Amino acid sequence: MMARRQSSLTVVFSWILAVFSACLASLLCCRGSTTAHAFLAAWPADRTWGSTAFHGPLRALSFGAGETGTFAGDHVRSPLQTLLGFSSSAVALASAAVAAAAVGRRSAGAQGRPSRWYGCLSQLRPRLGLRRASPAAVIETAPVWEKGVLPPIWVVNLDQSPDRWAQSCEEFATQSIKLVRWPATYGKFLSEDELKEKATWAARYFCTPGMVGCFCSHRGIWQEMVAKNIPCVIVLEDDVIPYENFSENVATLQTELEALEDGWDVCLLGAIGCINPDKEKFYMRFYELGPGGGRPCPKGSSTRTLSDHLFVPHRPAGTHAYMISLKGARKLVERFPKARYHVDLAAWGVSHLKLVASNPFLATQRFDEGAESTVAKGGSATERFMSWAWKASGLTTIARSGGLTNPSWAWRTPIFALPVPWQKWPARVKQVSLGPFTSVLIMLFTAGLALRSPTWIGGGFAYLAVMSSFIRFLCGTFSVRVFVVEAMLSAFFVFWGCTGRGPAQLLQPLISKIL
């Protein structure tokens, strides 16, 4: 009742303001143009409207600089009065639009469907750069979900993979857990029009069909939550493996999540990457050089622990198991209107997203050789030939420390795609995998150390700066500071190699002055 009364007041006030502004415009805009004069001259002679309210809006839209009035009672006005006339006409039109939208909203609520006026204004709002206020504040205090009740579990599954859906159902059936299938988007089947609607320009030319389809699948779940006002959902992918006591552990997380002072948006039930619950090891920070978007420790704490079973991960990856609240879904839908990169690296890199993780994890992902990812593709001769670079450099150890039991699975993961403009989607993009990308970087640094050539090392830093910056651009975590540091290191080593003047030669004048 209160909302209906406020809507009525809005309508009345908006129409009063519209009429008043139109009258004010007619009084101020008295410099009739030739167009307005011709229009009014077409009216019958017995209608002596003079310089009344009918002339104002016309003249406010058709004035010309230096024109003088030709109607009865007209006289030359100052530019300030002309400007005020324009403003008054604009206010009149805006007030009328607001009143019409308020009427449309009332009729939408009464009939259960949006009205034509309200729909037109809703389409006009984004074109003008305006955003409707988020309704998050209205249900901010709503419970996450009912205590003791397991949230709905949605499993992302392609129509082309019925065996995966059956396997997931069998695994969760052993714990008496029911699943709901969410039909995934198959990126290769998207038409050009669908691709333009669902993916950014960069994603259409520098992401694989699997990356685009995976992003669209998860974003569809977030949209469904927002549209139906679903408080919380557990999202799984069809290659997930649950640990024992899944339901009981979720209930434990429920209690601890509700006790968090700052609230939460997403709780990872499984992840890979920089996921140490205490302190991240130094060598694991090299993983962040690619996607960026690392998270600091909680305020006032030297560790990442929030409670007995919750922590803040530094830079996680993976969307095979997570729990998302309605507030988190709204943030991600607003942040990502279209698919742009790997959904996990893009979404979990949003700084204002309140991301936490379970300790220990409640599920993992199939990384065995037989479980090929729908994003990463099978092995190749290049993988077998260059995999020694990972083992020799210690990247295999880093991958295992980040939760990857099978590093060859990470080798096949695409980091971006190279466009082939003369071909159509999906043949328009060619995948660039993580393995070859990192192997080239390792060989550049290895050659520089073996040959004692700063130029090769500078080339390695240049390669790192260009590639990591491009990945961060696609991911939405680009950092100017990181790019400048990498570019300066590259320039320093290249200068050293070309001129033969290293740190000792550059610092010798300064040291001699000090001594």
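**Entry 1**

I began with lysine 228, which makes a salt bridge with glutamate 224, the closest N and O atoms being 2.8 Å apart. (A salt bridge is a side-chain nitrogen of Lys or Arg within 4 Å of a carboxyl oxygen of Asp or Glu.) This is a predicted model: local features need pLDDT of at least 70 and side-chain atom pairs count only at pLDDT 80 or more, while totals for chains, interfaces and linings use all residues. Residues are numbered from 1 along each chain as its sequence is written, and side-chain values use heavy atoms, with hydrogens and water left out.

Lysine 228 and glutamate 224 are 4 residues apart in helix H9, so about one helical turn separates them. (Helices, H or I of at least four residues, and strands, E of at least two, are DSSP runs numbered from the N terminus.) I found lysine 228 exposed, at 57% relative accessible area, and glutamate 224 partly exposed, at 22%. (Buried means under 20% relative accessible area, exposed over 50%, partly exposed in between, with a 1.4 Å probe and protein chains only.)

**Entry 2: other salt bridges**

How many salt bridges does the structure hold? I noted 6. In one of them, the side chains of glutamate 171 and arginine 366 meet at 2.9 Å, N to O. This pair links distant parts of the chain, 195 residues apart: glutamate 171 is in helix H6 (residues 162–173), and arginine 366 is in the loop between strand S11 (363–365) and helix H13 (381–393). Glutamate 171 is partly exposed at 22%, whereas arginine 366 is buried at 8%.

I also looked up aspartate 265 and lysine 331, whose side chains meet in a salt bridge at 2.8 Å, N to O. Aspartate 265 sits in the loop between helix H10 (246–258) and strand S5 (266–268) and lysine 331 in helix H11, so the pair ties together parts 66 residues apart in sequence. Is aspartate 265 buried or exposed? It is buried, with a relative accessible area of 0%.

**Entry 3: around helix H11**

In H11, I listed Leu326, Gly328, Ala329, Arg330, Leu332 and Val333 as buried. Their cover includes H9, strand S9 (321–325) and H12. (Contact means heavy atoms within 4.5 Å.)

**Entry 4: aromatic rings**

Next I turned to rings. Those of Phe, Tyr and Trp (its six-membered ring) pair if their centres lie within 6.5 Å; planes under 30 degrees apart count as stacked, over 60 as edge-to-face and the rest as tilted. By this rule I have 19 aromatic pairs. The rings of tryptophan 201 and phenylalanine 206 have centres 6.0 Å apart and planes at 65 degrees, so this pair is edge-to-face. Tryptophan 201 is exposed at 51%, but phenylalanine 206 is buried at 17%.

Phenylalanine 215 and phenylalanine 336 also pair edge-to-face, at 5.5 Å centre to centre and 75 degrees between the planes. Phenylalanine 215 lies in helix H9 (residues 209–228) and phenylalanine 336 in the loop between helix H11 (326–335) and helix H12 (343–347), so the pair ties together parts 121 residues apart in sequence.

**Entry 5: the whole chain**

Last, I noted 19 helices and 13 strands in the protein chain. Of its 515 residues, 44% count as buried.
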